[in-house]
Structures are given as structure tokens and as C-alpha cells.
Amino acid sequence: MKKFIWVIVATAAVVFLVYHFNVQSKNTRLENALASQYSNQLTSASEKLVTLSESIDQTLLFQDKEALDQPLEDVWRLSSDVRDSISSLPIDHETSTVWMNYLNRIGNSASLVKEGKIPVEEWQKSMKDARGNLLSLSDQWAFTNRNDGKKDYIVASFVNNKANKENDKNWKALGDSVKAYTESDFPMTASETDKQKKKDLQHIKDSEVTVEQVKQTFAKLFPELKDATIHITESAEDAPYPFYHVQFHKGIRIGYADFTKKGGHLLSYLLERPFDKTTISAETMKEKASTYMKSFGYTDTEMVEYRENHIAWHLAFARVDAKNDALIYADGMHLKIAKDNGELLGLNAMEYIQKENIGDQKVVPIDYKEIFSGDFTIEEERLAYVENKELQQRLAYEVLTRNDSIGTHRTYIDAQTHEILHTEKLP
């Protein structure tokens, strides 16, 4: 009998241990999921605060009422977005209430300025401190979220705080909220995004080229690969436009190039190989980039930006309008150049080949003192084509301004109507 009782007790202990282990494992997985959720929410809220601060900077940049209209609208909208983010964070009620009220005052004040019920000067005076407070809060949240990469702080400060202080929400309810969060819409993959952005190239009127002609074009554009092993295939029937896909292999170099079937225009190019630790100078890189562009026949372009990583430079070019030297950003092109020897690693000419159809537009002289507020300095000025809200290409003044209080901004002003098309703050 004693032996039988001992067996029952031992079995019960095993069952209990297994149950306890399963519960602990489930709670640990839930903690991890919740920590990830709150980390994402903190990151999102921090990013929104930075965007809100930048929108406030734009309201300090202008004095023209029409130019202020959109930035004030952005401040009102973003302040509401940040309030929603704060309300979803498991922080203490007092802190949440203080910041919700603060953001509500900013949003309501922006709306009143837009309606003309609060003077612009009064708004700009009070917002000089507000923008700093928003950035300070963003930094605090970013630091809390980072915490040397440890999730224990997130769990202790947010997960357990949520579970312990809100008795009406048990772990199951929290689990359901995480499930809803993780089952929300995922971002599109790179290939889906690329496919969505592609346009039909039916405007190309050139005759179709043959496979042999593509081989000749490839050898002409890339003479260093003329003796490479190549394999050419045609695009699928459901492709957004017909093209030839050229795969090549030479020694340690492999890659591909795409050419349009109509006219044999180079759409893209990518090369892969091992990299050395040597680095050419930025000036040499620019010279090589200029040589590549000339050899491909892209002589009507200008480099507008470049950045680097540990193996390559990434360069952006824009077409230059022959009539007025304005940059056409929509007709862009991208190059990738190796840092070790300046070899061409990649090219994307999709936007350049698509070529925007741009009509004539008047250029009306502008007085920047009527547009910008406070003390500002014009660092750069030129003409460029950018999209307006109706997605029309408009000729604009591209102006780089510096203000000691709010930093440097790039602003695009419609050359004919003087409407503010776009403003961005520079680092």
C-alpha cells in the first residue's frame, strides 16, 4: 500500500513539474513577445516625436501664411498620432496624462494658428522651447528602449507593469493583444515593392533587338567582360515590360544585366566579387563615375548625392533639362562603385529610361524674405523639377537655407505659383 501511495505521489510530482515547466515556458515566450511589441511601440513613438519636431521646425521656417498651412496641418495630425502611441504604452497614468495634455495643446494651438485665431509670432515664440522638449522625450524613450540591448528592463518596466497594475487584463488578454499585433499587415517584400513601382515602358518606340545584338551591346558597354561566359533569357510573358536578362561569369566575377527588348537600353547591372581592403579617394571615385556615365551615353545627368558603406559607394544622378539646367529628379539613375578599385558594381537606369513628359512652365521671380521668417542665409539655389500633391512635375526653386535656431533646410518652391512643394531638414 505504501509503495502504491509513493507511486501516486511521484507521478503527481512529475505531472506538476511538467505543468510548471510548460507554464513557465509559455510565460517566457509571452514575455519575449510582449517585450518585442513594447519595444516596437517605443521605437515608433520616438520616431513620430522626431517627425513632429521637424514639422514644428517648418512652422518656424516660414512666415508666409500659405507656406505655413501644410506644416501646421502636419503638426496637428502628428501630435494626434503621438498621443495615440502614448496611450498604447504601458506607462504610469500620471506620466501619460502629462504628455497627452502637452501634445494636445501643441495640436490645438497649431489648428488655431491655421485658423488665424493665434498670431504666428506668438506660436513661433512658444514652439522654440517645445521642439526641444519633444526631442528630449524622444531621446529618453530611445535610451530606455536600447538599454544595452537587454530585454529584462523592457519586461520589468513595461510587461510586468502592464500585467500587475491592470488587474482586468490577465496574461491571456495580453497574449491576445500580441497575437493581434503580430498578425497585422506586414510590409511588402523588396520584390513586391519593386514590381509595384515599375512602369510600363510602352512609350519606347525603338525597334526590337535580337539576342545577338544584345551580346554586342553588352561587350561594347562592358569591354572587360567581353570574353565572359554569358547566358541570355527573355522576360516572362507577365513581366511589366519585355527585356533580356544577361547572366555572366568570369573568374571571381558573376552578375547580370537587363536590357529592354525595344532598343536594347540598359536597365540594370549588378556584379559580385570578393573585395580588397584598399580604398580609393572620393575624388577618384567621382572621376570613375563620370567616366562610366559618359561611356554609357548618359551625358545629360548630374550627380546629386553619394554615400558609402564598407565595400562600396552608392551614387545618385538626375537628368538635367537642356532648356533651363533644372534637375529632373524623377529621371534618376543609381550607380554602385567598389571602394577598393572603383569598379562598377551596379547600375539602375529604370527611372532614367522611363523619362518624364514635362511641359513648359513660367519662372516668376521670388523674394525669399516674403517666404522665410527670421534670420536666414541662402546657402544654395537652383532650379529642379519635383512632384506636387497632384503628382505633376513642377519646375521649382530648390533653396538651401540656414537658420541658426532651427538648422538647415532644403525647400522646393513652385517657380510659377510660389507654392511650397516640399521641405526637408538636413543633418
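## Strand pairing around E6

In this predicted model, strands E6 and E7 pair in the antiparallel sense over nine bridges, and Phe317 stands opposite Met333 in E7. The two strands E6 and E7 form a hairpin with six residues between them, and in that turn Asp325 has a positive phi of about 60°.

Strand E6, which spans residues 312-320, is also joined to strand E5 (residues 301-308), with which it runs antiparallel through seven bridges. Thr301 has Arg319 in E6 as its bridge partner, and E5 and E6 form a hairpin with three residues between them. E6 is mostly covered, in that eight of its nine residues are buried.

## Nonpolar cores

The largest nonpolar core comprises 42 residues, and those with the most contacts inside it are Phe222, Tyr269 and Tyr298. Apart from this core lies another, of 39 residues, which includes Ala67, Leu103, Ala110 and Tyr385. In soluble globular proteins, nonpolar side chains tend to be buried together.

Leaving aside residues up to four places away in sequence, Tyr298 touches Leu266, Met293, Met333, Leu347, Ala349 and Tyr352. Among these contacts of Tyr298 is Met333, the residue of E7 that Phe317 stands opposite.

Asp340 lies in the loop between strand E7 (327-338) and strand E8 (344-348), and it counts as buried because its relative accessibility is 7%, where the cut-off is under 20%. The side chain of Asp340 reaches the backbone nitrogen of Asp276 at 3.0 Å. With residues up to four places away in sequence not counted, Asp340 touches Arg273, Phe275, Asp276, Thr278, Thr279 and Ile280.

Key
Residues numbered from 1 in each chain as written. Predicted model: local features only at pLDDT ≥ 70, side-chain atom pairs only at ≥ 80, totals over all residues. Heavy atoms only, no water. Core = buried A, V, L, I, M, F, W, Y, C linked by side-chain atoms within 4.5 Å. Buried < 20%, exposed > 50% of the residue type's maximum accessible area, 1.4 Å probe, protein only. Contact = heavy atoms within 4.5 Å. Helix = DSSP H or I, 4+ residues; strand = E, 2+ residues; numbered from the N terminus. Polar contact = N/O pair within 3.5 Å; in protein donor to acceptor, adjacent residues only side chain to side chain. Pairing = 2+ DSSP bridges.
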